[in-house]
Amino acid sequence: MRLWLPPVLLAVLLIGLSTGMPALEPLFHWIQPDKQQVIYERESFLFLLQNHVFLVIVSAAAGTLAAVAGGIFATRPSGRDFLPLVSQIASIGQTFPPVAVLALAVPVLGFGEAPILVALMLYGLLPILRNTLAGLESINPAVKEAARGMGMSPLQVLVRAELPLAGRVILAGIRTSVTINIATAAIGSTIGARTLGDPVIAGLVNGNTAYVLQGAILIGLLALTTDSLFEALERTWDRRFSPQVAG
Amino acid sequence: MSVNRVIAALGLLALALVWLLDLGAIQPNRIVPGTGHGLVSAVGWGGAALVTSALAGAILLAVLRVRGRYLLLLALIGLSLALLPLLLEVFASRHLPEDSPYARSSVGAGFWCLLFLLSLMLIEVVGQLGRRRGLQLLLVVVIGSSWVVFLQSDGLESLSLVREFNARPAKFEQALWTHLTLAFGAVTISAVLAFGLALKMMRSPAWQRPILGLVSFLQTIPSLAVFGLLIAPLSALVAAFPALESLGIRGIGWAPALLALIAYSLLPMVRNTFVALTEVPEELADAGRGMGMNERQLFFKLKLPLALPVIIEGVRITTIQAIGLTAVAALIGAGGFGSFIFQGLGQAAMDLVLLGALPTIVLALLADALLTMLAASFRPAAARV
């Protein structure tokens with residue numbers, strides 16, 4: 001249970017700060033003495049946090065589904081022709097800077113939450129796709145042969161042997177994808193998505209360092225919470241499925 | 001030789017999308033959304049027939065079992081990509097009203113899809129031909145120079161992207177230099193730092209965990225937060241030492257941007273340098289010692305050359321990342337192509353957004369291609385594939 005302590009503590013701190021930020025007003029007055037208003041109030045921090053998390057979770061879920069489906073398709077006998085191209089797309093796509101992808105989504109889809117969801121999903125599925133391919137391709141053919149020899153159908157081989165074996169690598173891909181998307185969703189404030197990036201952008205526009213700090217601290221905490229959550233998930237996975245690795 | 005289902009599928013998809021979506025649009029001025037034109041309306045029946053037959057030809061070649069079909073496909077698809085801007089030129093000459101100087105033509109979804117799918121087809125063909133480096137370079141040069149010639153010609157003067165560029169050529173050049181200086185400056189500084197840290201980790205293993213822990217912690221914090229968190233301390237620093245201000249260091253601007261970029265660049269750089277240097281096989285080091293090399297010679301003549309491709313791979317990842325993050329740094333006033341993106345978003349001027357976003361992508365792709373080639377050229381001949 002000690003594994004889950006850091007994410008829980010960080011989450012408590014994150015939610016605590018999101019609700020209790022106004023209590024720190026004296027501190028921010030000291031940092032920003034020349035402004036009347038030092039606590040960002042256009043939207044509650046808790047709402048921004050919820051919306052930020054919602055955007056990341058929806059895009060991660062859709063991205064994971066699409067990427068794992070694509071990865072499975074490209075490694076089956078019927079889709080193998082597409083494997084070189086799909087893996088090239090996964091690696092070339094990642095050279096596109098996330099902020100440029102975000103910017104390109106606006107002319108196509110307009111301002112608001114729709115372009116950011118699409119950009120987050122498209123960009124986020126690339127690391128998952130790459131890892132799904134790597135995970136499925138690295139499985140020893142003898143293992144699949146043995147599973148088939150036990151009388152498993154192709155579907156059973158996939159669900160009971162291949163996916164559990166590739167799962168750890170896929171999980172690492174999801175972690176990379178979510179880390180990038182938390183950062184990109186924050187920048188999404190510039191295209192009208194209401195996330196924790198809002199106070200930062202508002203602070204930069206009005207020259208109010210206190211706003212910038214409040215947004216930046218919460219974004220940083222959200223990233224750390226998520227990262228420690230994945231750390232705990234990965235360790236739990238190692239313990240359950242491959243005890244020799246966990247040592 | 002079998003049917004190439006990949007090219008056939010991509011070709012069919014391209015054919016469907018280019019007929020269904022708008023190829024381009026005409027805008028009365030910079031802000032008002034334009035009226036879209038489909039393939040036939042945009043380039044006439046002749047142009048539509050040409051596009052259709054090029055795509056149909058590619059599909060046919062993918063299905064038929066002709067000798068040397070991949071070379072034919074390469075020529076067909078490469079030529080199509082090189083001549084793609086011609087479609088926009090024809091479109092502009094047919095539809096742009098002559099009496100309104102503010103009218104502009106813009107690129108539609110159909111054109112983008114065609115560009116994207118043709119590029120994918122090209123990647124597949126090059127893969128089938130066995131990824132010869134010289135061939136790839138030739139293709140990039142031919143297609144790239146054709147686009148540059150088209151974009152500079154008068155026929156595309158009305159293209160919104162070209163208009164935005166022509167409105168601010170000096171600013172564009174300045175943005176390019178700022179972007180390059182910031183990104184490459186950060187990569188260079190972090191490469192030196194990372195090399196030092198990796199050496200420290202090799203000499204004293206007790207430092208491995210804290211150093212790797214610190215640099216991966218830095219990478220976890222989202223860019224916007226890092227930029228934001230650096231403003232207050234830097235402002236305080238400048239307030240305490242006013243001499244710093246004469247150097248151009250302020251809470252916003254290039255100083256926090258460079259610091260944040262260096263912090264981000266450390267993880268891939270340290271990790272790759274360390275892994276590369278420690279993974280040189282011990283037998284090779286022993287062989288070197290047996291030849292009478294001392295530890296210094298061993299490092300410079302054996303370990304470093306062997307580690308170089310992996311170190312350059314680290315530089316590649318870092319450079320791509322730094323080019324993207326520099327665009328974000330425009331939010332704290334660091335300049336670069338990001339300033340066009342965010343200005344454009346602020347003014348709802350989508351062409352200005354494109355003028356910032358497209359060069360950023362091109363820079364990242366160029367850096368990727370160049371550093372991949374550099375890493376390949378340093379790989380020992382025996383390990384080359």
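Modeller: Start with helix 2 of chain B, residues 39-63. This is a predicted model, so every value here is computed from predicted positions. Helix 2 of chain B has 25 residues. At 1.5 Å a residue, a straight helix would reach 36 Å. The end C-alpha atoms of helix 2 are only 26 Å apart, which falls short of that. Now look for a bend. Helix 2 of chain B has a kink of about 95°, centred on B:Trp45. Next, look at burial along helix 2. Its buried residues are B:Leu39, B:Ala42, B:Val43, B:Val51, B:Leu55, B:Ala58, B:Leu61 and B:Ala62.

Now take helix 9 of chain B, residues 223-240, and run the length check again. Helix 9 has 18 residues, so at 1.5 Å a residue it should span 26 Å. Its end C-alpha atoms are 26 Å apart, and that agrees. Helix 9 of chain B still bends, by about 25° at B:Ile231. A proline, B:Pro233, follows within four residues. B:Ile231 is also one of the buried residues of helix 9. Others among them are B:Ser223, B:Leu224, B:Ala225 and B:Val226. B:Phe227, B:Gly228, B:Leu229 and B:Leu230 are buried as well.

Follow helix 9 to its partner. The axes of helix 9 and helix 10 of chain B come within 9 Å and cross at roughly 130°. That angle makes helix 9 of chain B oblique to helix 10 of chain B. The crossing of helix 9 and helix 10 of chain B is right-handed.

Helix 10 of chain B covers residues 254-278, and it also meets helix 12 of chain B, residues 295-329. Their axes come within 8 Å and cross at roughly 160°. Helix 10 of chain B is therefore roughly antiparallel to helix 12 of chain B. Helix 10 passes helix 12 of chain B in a right-handed crossing. Sort the residues of this contact between helix 10 and helix 12 of chain B by class: 15 are nonpolar, seven are polar and three are charged.

Two single residues are worth a stop. B:Cys113 sits in helix 4 of chain B, residues 109-128. B:Cys113 has 18 other C-beta atoms within 10 Å, so it is partly exposed. The C-alpha atom of B:Cys113 is 7.3 Å from that of B:Val18, yet these two residues are 95 residues apart along the chain.

The other stop is B:Ala348. You will find it in the loop between helix 13 (337-347) and helix 14 (350-378) of chain B. Most residues other than glycine have a negative phi. B:Ala348 is not a glycine, but its phi is positive, at about 55°. B:Ala348 has 13 C-beta neighbours inside 10 Å, so it counts as partly exposed.

Now step back to whole chains. Chain B comes to 14 helices and three strands. Its C-alpha trace spans about 75 × 65 × 30 Å along the principal axes. Of its 385 residues, 41% count as buried. Chain A has eleven helices and zero strands. The C-alpha atoms of chain A fill a box of roughly 75 × 45 × 25 Å along the principal axes. Buried residues make up 43% of the 247 residues in chain A.

Note on methods
Residues are numbered from 1 along each chain as its sequence is written. Chains are lettered from A and ligands numbered from 1 in the order in which they are written. This is a predicted model: local features need pLDDT of at least 70, side-chain atom pairs count only at pLDDT 80 or more; totals for chains, interfaces and linings use all residues. Axes are lines fitted to C-alpha atoms, for helices over the stretch in contact, and angles run from 0 to 180 degrees between N-to-C directions. Helices (H or I, at least four residues) and strands (E, at least two) are DSSP runs, numbered from the N terminus. Angles under 35 degrees count as roughly parallel, over 145 as roughly antiparallel, 65 to 115 as roughly perpendicular and the rest as oblique. A crossing is left-handed if the near helix is turned anticlockwise from the far one by less than a right angle, and right-handed if clockwise. Ala, Val, Leu, Ile, Met, Phe, Trp, Tyr, Cys and Pro count as nonpolar, Asp, Glu, Lys and Arg as charged, and the others, Gly among them, as polar. The expected span of a helix is 1.5 Å times one less than its number of residues. The bend at a residue is the angle between axes fitted to the seven residues ending there and the seven starting there. A residue is buried if 20 or more other C-beta atoms lie within 10 Å of its own, exposed if 12 or fewer, and partly exposed in between; C-beta atoms are placed from the backbone.
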